Amino acid sequence: MESLLLPVVDEDGAPFWEYAARGELRVQACAAADCGRLRFPPRPCCPHCRSFESEWRAMSGRGRIWSYVVPHPPLLLAYAAQAPYNAVVVELADAPHIRLVGNVVSGPDAPLNSVDPERLRIGASVKAVFAPVGPESTVVRWQLER
């Protein structure tokens with residue numbers, strides 16, 4: 001059986017995945033004194049001021065569902081076995097212009113189909129949870145807040 005897709009870690013994004021493995025949601029920020037803007041996806045140069053200085057700022061891990069979809073067949077085999085599941089775009093509460101893609105699950109170790117798609121709503125509050133996938137990867141997933 002096919003396995004779930006794993007993150008492809010590059011030099012710019014490696015810190016994001018290292019923090020996720022420690023249960024921290026961090027976003028790259030420009031470290032230039034006169035800028036400091038957050039950016040995602042990570043990249044070597046600030047798109048606002050062109051500085052190559054950067055740092056990783058801790059986020060609260062809270063956000064809201066900005067968009068979502070419930071994929072329909074045909075799906076990759078590993079995902080077909082978990083259908084119906086959701087794929088969401090979450091807008092971070094700390095940085096509304098930053099949006100992350102993931103899945104809403106009932107808990108960090110829960111399968112992708114652990115939340116009934118009928119419970120999802122645009123604007124619903126979510127919090128980050130960290131799910132180990134594969135031998136060396138941790139991904140950010142989301143839980144509905146009550």
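**Legends: overall fold and two close-ups**

**View 1. Overall dimensions of the predicted model.** The C-alpha atoms fill a box of roughly 50 × 30 × 25 Å along the principal axes. Two helices and eight strands make up the secondary structure, in the order α-β-β-β-β-α-β-β-β-β. Helices (H or I, at least four residues) and strands (E, at least two) are DSSP runs, numbered from the N terminus.

View 2. Ala32 sits in the loop between strand 1 (26-30) and strand 2 (38-39). Ala32 counts as buried because its relative accessibility is 16%; buried means under 20% relative accessible area (1.4 Å probe, protein chains only). Beyond neighbours within four places in sequence, Ala32 contacts Cys49, Ser51 and Glu53 (heavy atoms within 4.5 Å). Its C-alpha lies 30 Å from that of Thr138, 106 residues away along the chain.

**View 3. Surroundings of Gln143.** Gln143 belongs to strand 8 (residues 137-144). At 18% relative accessibility, Gln143 is also buried. A polar atom of the Gln143 side chain lies 2.6 Å from the backbone oxygen of Ser106. Outside four places in sequence, the contacts of Gln143 include Val105, Gly107, Ser125 and Lys127.

**Notes.** Residues are numbered from 1 along each chain as its sequence is written, and side-chain values use heavy atoms, without hydrogens and water. In this predicted model, local features need pLDDT of at least 70 and side-chain atom pairs pLDDT 80 or more, while totals for chains, interfaces and linings use all residues.

Terms used
Buried < 20%, exposed > 50% of the residue type's maximum accessible area, 1.4 Å probe, protein only. Polar contact = N/O pair within 3.5 Å; in protein donor to acceptor, adjacent residues only side chain to side chain.
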